[in-house]
Amino acid sequence: MARNGGLEDGAMKEMVVAVKGRATIGKNNSRRLRRMGLIPAVVYGGGGAPVPVAVEPKSLLQILHSESGVNTIFQLDLEGADERRHVMIKDYQTDPVKDRLMHADLLRIAMDEVIEVDVPLHIVGEAVGVKVDGGILDHVTRDIRIACLPGNIPEQIRIDVSALKIGDALRVSDLAADDRYRILSEPEQTLVVISAPAKEEEAAAPAAEA
């Protein structure tokens, strides 16, 4: 079960997800859990031993479908544990046919230690090269790698393309610096480029040949 907490700047409401320990592992146990409406998961990292748990898939799906997705830091309430731990979804598996969540790996997070995550880019504005000259915006890179404290992970990094003309491009090095995180992606990596529109005669040539 997931419960919402307070809202912090730039982050979704912190959630608490209740899980139960499981003494047995294996395919038979996993099938039994799924029949009960639960899925198997493993909590690991943070200097502690891996702990197999069972969790309601609805709780994790709510997190995965949020704005921050897999970068969401939430609290894990393990039945019988003395305290809650901050975790994030490190990996998960779905049924390719029924599109149901089948398993999840949960990584323990220390809120005072820097971690590396991929953050999506969000395009803002309409490029003048597209609006006026009919160019084409090519979103080359969808996310970039950053390093920051867990509480400073942004849901997205906004890039304003309004001033871009045909032939212009934005690269990682063009992103504004932010005190909350450090960008790890290569500075010359292209994020967005404005291409010239296809010439009418070039588009008509295949039809003429046919």
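Glutamine 156 counts as partly exposed, because its relative accessibility is 32%. Glutamine 156 sits in the loop between β10 (143-148) and β11 (157-160). Helices (H or I, at least four residues) and strands (E, at least two) are DSSP runs, numbered from the N terminus. Not counting residues up to four places away in sequence, glutamine 156 touches Val119, Pro120 and His122, where contact means heavy atoms within 4.5 Å. Valine 119 is 37 residues from glutamine 156 along the chain, and their C-alpha atoms are separated by 5.8 Å.

This is a predicted model, in which local features need pLDDT of at least 70 and side-chain atom pairs count only at pLDDT 80 or more, while totals for chains, interfaces and linings use all residues. Residues are numbered from 1 along each chain as its sequence is written, and side-chain values use heavy atoms, with hydrogens and water left out.

Now the chain as a whole. The chain has four helices and 14 strands. Of its 210 residues, 34% are buried. Among contacts with a separation of 6 or more, 61% are between residues 24 or more positions apart. The accessible surface is about 12700 Å², and carbon and sulfur atoms hold 49% of this surface. Such areas come from the Shrake-Rupley method with a 1.4 Å probe; for residues, only the protein chains shown count as cover.

Alanine 23 is in the loop between β2 (15-21) and α1, and counts as exposed because its relative accessibility is 86%. Alanine 23 and valine 53 are 30 residues apart in sequence, with 8.5 Å between their C-alpha atoms. Which residues of helix α1 (residues 27-35) are buried? They are Asn29, Ser30 and Leu33. These residues cover an arc of only 100 degrees around the axis, so they lie on the same side of α1. The arc is that of the directions from the helix axis to the C-beta atoms. An α-helix has 3.6 residues a turn, so residues three or four places apart point the same way. The cover over the buried residues of α1 includes β3 (39-45) and β4 (48-55). On the face turned away from the buried side are the exposed residues Lys27, Asn28 and Arg35.

Just after α1, glycine 37 has a positive phi of about 85 degrees. Leucine 38 is in the loop between α1 and β3. Is leucine 38 buried or exposed? Leucine 38 is buried, because its relative accessible area is 15%. Leaving out residues up to four places away in sequence, leucine 38 touches Leu33, Ala54, Val55, Glu56 and Pro57. Alanine 54 is 16 residues from leucine 38 in sequence, and the two are 6.1 Å apart in space, C-alpha to C-alpha.

Pro57 also belongs to the buried residues of helix α2 (residues 57-64), together with Ser59, Leu60, Ile63 and Leu64. They cover an arc of only 160 degrees around the axis, which puts them on the same side of α2.

Lysine 90 lies in strand β6. Apart from neighbours within four places in sequence, lysine 90 is in contact with Tyr44, Asp105 and Leu107. Lysine 90 and valine 70 are 20 residues apart in sequence and 7.1 Å apart in space, C-alpha to C-alpha. Val70 is also one of the residues nearest the centre of the largest pocket, along with Asn71, Met88, Val117 and Asp118. On a 1 Å grid over the protein atoms alone, a pocket is an open set of points where a 1.4 Å probe fits, with protein on both sides within 12 Å along at least five of seven lines, and lining residues have an atom within 4 Å of a point.

The volume of the largest pocket is about 270 Å³. That volume is the space filled by probe spheres set on the grid points, which are joined across faces, edges and corners. The lining has 18 residues, and β6 (85-94) and β8 (115-124) each supply at least two of its residues.

Beyond β6, aspartate 99 lies in the loop between β6 and β7 (101-108). Most residues other than glycine have a negative phi. Aspartate 99 counts as exposed because its relative accessibility is 63%.

Terms used
Buried < 20%, exposed > 50% of the residue type's maximum accessible area, 1.4 Å probe, protein only.
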